[in-house]
Number of protein chains: 2
Amino acid sequence: MQRDTQKHDLLKKLSKTTPSKIILFVMDGLGGLPIEGKTELEHATIPNLDSLAKNSVCGVVDPVSPGITPGSGPAHLGLFGCDPLQYEIGRGVLEASGINFPLEKDDLAVRINFATIDKEGKITDRRAGRISTEINAKLCEELNKINIESVKIFVKPVKEHRAVVVFRGKNLSEKISETDPQEIGALPLEPKPLSKEAEATAKIISKFASEAKKVLAPHHPANMLLLRGFSNPPHLPSFQETYHLNPAAIATYPMYRGLARLVGMKILDLKGSDIEDEIKALEENYKNHDFFFIHIKGTDSSGEDGDWKRKVQVIEKVDKFIPRILNLNPDVLIVTGDHSTPAILKSHSWHPVPILLYSPVCRVDDVTEFSENACGKGGLGRIPAIDIMPLALAHAQKLEKYGA
Amino acid sequence: MQRDTQKHDLLKKLSKTTPSKIILFVMDGLGGLPIEGKTELEHATIPNLDSLAKNSVCGVVDPVSPGITPGSGPAHLGLFGCDPLQYEIGRGVLEASGINFPLEKDDLAVRINFATIDKEGKITDRRAGRISTEINAKLCEELNKINIESVKIFVKPVKEHRAVVVFRGKNLSEKISETDPQEIGALPLEPKPLSKEAEATAKIISKFASEAKKVLAPHHPANMLLLRGFSNPPHLPSFQETYHLNPAAIATYPMYRGLARLVGMKILDLKGSDIEDEIKALEENYKNHDFFFIHIKGTDSSGEDGDWKRKVQVIEKVDKFIPRILNLNPDVLIVTGDHSTPAILKSHSWHPVPILLYSPVCRVDDVTEFSENACGKGGLGRIPAIDIMPLALAHAQKLEKYGA
């Protein structure tokens, strides 16, 4: 048996339900690289996070393994204590979970991008001019009427040009090639089986794509769709069975809500999509759960845009809410990211992510500021993300002793 | 499947060929222990390496695992990203590869040490007075004539008293005990099968040893040979298939050339055996490859000799060539060792080895000198050697993102 599977099984044996509360506060893409001599986090004025770091044990986290740049799926699996090398989550499943679609065990979920094609069928815009979510919803209604023998089809809007289609039937395989050629001026690709057992599924997908083309023809700029991220749901262990927790997730973006749902978290309703709305949801639901995953998207999107000043602003804004979180008096508060998104790279990266773990029973180190380099010298050292949950549970005193 | 195997498979999936270039500069046995209050590296005046460290991310490396002292084989496997606990390379295979012998899959390679025996057959010198390589070559020619049914025999000189014999045939097993008793005054040992399936092979080896004794009898001081390191070639994944690299190796010693060849590196010709010759080979071949392994032997041999001042000199000499390496403008330059060889121990040791990774996209830490203790506080933390290649590839931006 794998060592990480062993560790996971051990946690399942040792975890116990207690009244103590854990908050896992995740700033997406938090880690950065120096611009004008300082990382985004170092540029930010964050008195509350610095003071928290001073009273915490700090470290840096490898989301998957040194050198590996994770997508959001593997990065969050790691944070949730599931080995990202063992479990894979496809884009289709992520999107479906994110819109609260009740996926069944054998479903095949696929991400749709509405696109624009010209008279020759060549792609002129892979995002259909980012149509509104309202138009998207109407198109999905029409696509929902497509009828293919032996499968049920559910087409659901996500946001702007993004939608999801779920096929329900027997032996639907995810081993299908994407139809998005990833370039302008090319024709959409035929969905092809990537293994023998996917041949029947590929025919269904192909049929769906050609029917969809007919349905969408009159709806320029969304006169075509591209299919990506064919995926069956992974069988992830839930927070309930593994950690005996009653977990809740607070996230504004569908994908992260989806990821949280896959491990059994209840997704809390938000009044809006501001950080303040997320903190309010935490406050209002604080008594109902013993674990909270809070996800902040702005640090990642600003990093992806290469806008380091905006990333600094998002971090500074988060800092202002730290006192409200501390007012709740959590037994464990962890602040970290799921991966780095340095603005100078405009993409996710492999660089480790700072982490602080605040708890009355943590061994406070002498880190005095919350930054990549300062945390690198902290008492946690350099740890893989899958070690975060055991550390959280331990500091919340939710783990029994192992062995006599 | 083992986690390290999974990581290796993952790299194979994520690696892509790009124009960026990686230099892995290895000072053999680099790590040391304090003498007169400072390690060899701390005694050395190395302005260029210190300045490089200042602009790099630093750390320390466990070649295999904390506490494990590696031989050259496992130590280099780790550097090359192959789990040294999974793959073993025998001494015979190392020697054969080092002299460019085209080993076949089922060959059995064995290291020969020419030795001196007295009239009673007892060993008086395990190195035959370190005979010249020329005499060695002549002896090998004679030994080559030995004829044993069912196997082909290739005897090749290596250097001084060291040679190699390769047996080619069916079902040749490496499970044979060595004939070197490792002490003066003892008789050479009989080669014994260490497992059932090695019985036939043991007979062949025994025959070879007794024939060789007859052939060598008139050639005092090399009037006997000792056989060690029975080994079949390991099936190592190559740099080409795993990392999609076009790698080259620059090393003066046969064993390291052999190790590099085993993972698919092209061995570059050298005009001489000085560090300067190695740097020239790098410069002259720089445009032809995207990965360079450079091996410096002097740090290890001086450490093994217990000559700490010579080790300091070698390090200082290396330092002078750093600007020439930097002139090539590599995308990633890593400077490290394969293991420690503290002069006060006169042997390899288990102590972690300092590493610096220099790249425009590394997260520079606040280490300001290249030494064991300074690097220990660096941003890389303490990593196993098999994490070096993923980090090199990541910083050269040769890895795709993992997962959606």
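Student: Let's start with the sheet in chain B: in what order do the strands come?
Tutor: Keep in mind that this is a predicted model. The order in chain B is E9-E8-E10-E1-E11-E12-E2-E13, eight strands in an open sheet with mixed pairing.

Student: Which strands stand at the edges?
Tutor: Strand E9 (266–267) and strand E13 (381–384) of chain B. Each has a single partner strand, so one side of each has no neighbour in the sheet.

Student: OK, now E11 of chain B. How many of its residues are buried?
Tutor: Five of five, so to speak: strand E11 covers residues 332–336 of chain B and is mostly covered itself. On one side you have B:Val332, B:Ile334 and B:Thr336, on the other B:Leu333 and B:Val335, and all of them are buried.

Student: And E1 next to it, parallel or antiparallel?
Tutor: Parallel: strand E1 (residues 22–27) of chain B pairs with E11(B) over five bridges. As one example, B:Ile23 has B:Leu333 as its bridge partner in E11(B).

Student: What about E12, which way does that pair run?
Tutor: Antiparallel, with three bridges between E11(B) and strand E12 (residues 353–358) of chain B. There, B:Val335 has B:Leu356 of E12(B) as its bridge partner.

Student: What does B:Ile334 touch?
Tutor: Leaving out residues up to four places away in sequence, B:Ile334 touches B:Leu24, B:Phe25, B:Ile355, B:Leu357, B:Ile388 and B:Ala392. B:Ile334 is also one of the residues that touch the most other members of the largest nonpolar core, which has 127 residues. Others in that group include B:Leu24, B:Ile250 and B:Leu356.
Student: What other core is there?
Tutor: Apart from that one lies a core of 116 residues, among them A:Ala109, A:Ile325, A:Val335 and A:Ala385.

Student: Switching to chain A then. Which residues of helix H10 are buried?
Tutor: In H10 (residues 275–285) of chain A, the buried ones include A:Glu278, A:Ala281 and A:Leu282. Looking down the axis of H10(A), the buried residues fall within an arc of 100 degrees, so they line one face of the helix.
Student: What covers them?
Tutor: The cover includes strand E8 (247–251), strand E10 (291–296) and helix H12 (308–327) of chain A.

Student: How do the two chains meet? How many residues are in contact?
Tutor: On the chain A side 32 residues, in contact with 23 residues of chain B. Helix H1 (3–14), helix H4 (72–79), helix H5 (91–98), helix H13 (372–376) and strand E13 (381–384) of chain A each supply at least two residues of the side that touches chain B. By type, that side of chain A has eleven nonpolar, 14 polar and seven charged residues.

Student: What phi does B:Asn171 have?
Tutor: Near 55 degrees, which is positive, and the residue isn't a glycine. You'll find B:Asn171 in the loop between strand E6 (162–168) and H7 of chain B.
Student: Buried or exposed?
Tutor: B:Asn171 is exposed, with 11 other C-beta atoms within 10 Å.

Student: And B:Asn329, what's its phi?
Tutor: About 65 degrees, a positive value although B:Asn329 is not a glycine. B:Asn329 lies in the loop between helix H12 (308–327) and E11 of chain B. Inside 10 Å there are 10 C-beta neighbours, so B:Asn329 counts as exposed.

Conventions
Residues numbered from 1 in each chain as written. Chains lettered and ligands numbered in written order. Predicted model: local features only at pLDDT ≥ 70, side-chain atom pairs only at ≥ 80, totals over all residues. Contact = placed C-beta atoms within 7 Å. Helix = DSSP H or I, 4+ residues; strand = E, 2+ residues; numbered from the N terminus. Nonpolar A, V, L, I, M, F, W, Y, C, P; charged D, E, K, R; others polar. Buried ≥ 20, exposed ≤ 12 C-beta atoms within 10 Å, placed from the backbone. Pairing = 2+ DSSP bridges. Core = buried A, V, L, I, M, F, W, Y, C linked by C-beta atoms within 7 Å. Arc of directions from axis to C-beta.
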